[in-house]
Amino acid sequence: GQVAAQKVFLAGDARGDRHGTAVAGVIAAKAGNGVGIVGIAPGARLLALRACEQRETDGRGSCSSFDLARAIDFAITADADVLNLSLGGPQDRLLERLLARAMERGTVIVAAAGEGGAAFPSGMAGVIAVSGEGARPGVPALVAPGTDVMSLAPPDGYDYFSGSSIAAAQVAGIVALLRERAPELRPAETRRVLDSTASRRVVHACAALEAIGGGVDCGGALEAH
């Protein structure tokens with residue numbers, strides 16, 4: 001019930017993608033069913049758009065700009081509130097134009113900055129770049145939990161996952177919570193909320209929600225953080 005639409009933009013079976021399944025679980029795993037984990041934004045609905053092929057040997061993926069462009073275009077047409085891009089690569093003019101169009105329409109874009117520094121699309125203006133806790137001080141990105149995070153693993157299990165992809169999923173979930181409570185938030189405003197409530201670049205979900213009047217009272221949580 002969490003996936004509103006699913007589409008594959010490359011040859012092959014959409015099932016069995018560990019990376020995509022883990023990212024989806026962090027963002028929106030269902031709450032209240034007494035099974036497994038709960039996502040950051042369990043009230044969110046996902047567009048599961050597969051445009052990258054995961055290699056079995058090392059778990060890394062490969063994507064073509066054409067497949068990614070079709071997936072991003074689908075998300076734009078579907079009026080997605082948040083676009084999570086747990087991937088990175090060389091700058092691409094076609095993708096850059098599509099992402100700019102998405103942000104113009106109000107979509108918040110969250111991307112993994114990568115352990116080696118900001119790449120594309122995380123380095124693009126307006127995109128919220130996210131690194132895991134081990135990021136170097138010079139990486140211009142927000143920081144979120146990205147080490148040994150439990151999430152969903154196909155076909156029907158759980159595992160621990162690490163990396164900036166998982167950290168980006170955490171922030172995408174927080175953005176979904178913000179948009180749920182304040183649908184009028186534009187991408188730049190959303191970034192300002194996350195930046196202003198972060199502590200030493202580490203995102204603080206409760207503080208961000210409190211800042212927009214999201215009906216949350218963090219109490220002593222802010223001091224503890």
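**Note on the predicted model: helices and nonpolar cores**

1. Among contacts in the protein chain between residues at least 6 apart in sequence, 58% join residues at least 24 apart. The model under discussion is a predicted one. Its protein chain has 225 residues, of which 44% count as buried. The secondary structure consists of seven helices and 10 strands. The accessible surface of the chain is about 11,400 Å², and carbon and sulfur atoms account for 51% of that surface.

2. Helix α1 covers residues 18–28, and its buried residues are Ala 22, Val 23, Gly 25, Val 26, Ile 27 and Ala 28. These buried residues pack against the strands β2, β5, β9 (149–153) and β10 (157–161), and also against helix α4 (164–181). At the start of α1, Asp 17 places a side-chain oxygen within 3.1 Å of the backbone nitrogen of His 19.

3. Just after α2, Asp 79 adopts a positive phi of about 55 degrees.

4. The buried residues of α2 are Asp 67, Leu 68, Ala 69, Ala 71, Ile 72, Ala 75 and Ile 76. An α-helix has 3.6 residues a turn, so residues three or four places apart point the same way. The cover over the buried residues of α2 includes the strands β2 (46–50), β3 (52–54), β4 (61–63) and β5 (82–85), together with helix α3 (93–104).

5. The largest nonpolar core contains 36 residues, and those with the most contacts inside it are Val 110, Ile 128, Val 130, Val 171, Leu 178 and Leu 194. At least two residues of this core come from each of α1, β6 (108–112), β7 (128–131), β9, α4, α5 (187–197) and α6 (205–211). Helix α4 supplies the largest share, 11 residues.

6. Leu 178 deserves a separate remark, as one of the residues with the most contacts inside the largest core. Leaving aside residues up to four places away in sequence, Leu 178 touches Leu 185, Thr 190, Val 193, Leu 194, Ala 208, Leu 209 and Ile 212.

7. A second, separate core has 22 residues, including Leu 68, Ile 72, Ile 76 and Met 103. Leu 68, Ile 72 and Ile 76 are also among the buried residues of α2.

Conventions: Residues numbered from 1 in each chain as written. Predicted model: local features only at pLDDT ≥ 70, side-chain atom pairs only at ≥ 80, totals over all residues. Heavy atoms only, no water. Buried < 20%, exposed > 50% of the residue type's maximum accessible area, 1.4 Å probe, protein only. Helix = DSSP H or I, 4+ residues; strand = E, 2+ residues; numbered from the N terminus. Contact = heavy atoms within 4.5 Å. Polar contact = N/O pair within 3.5 Å; in protein donor to acceptor, adjacent residues only side chain to side chain. Core = buried A, V, L, I, M, F, W, Y, C linked by side-chain atoms within 4.5 Å. Areas by Shrake-Rupley, 256 points an atom, 1.4 Å probe, with all protein chains shown as cover.
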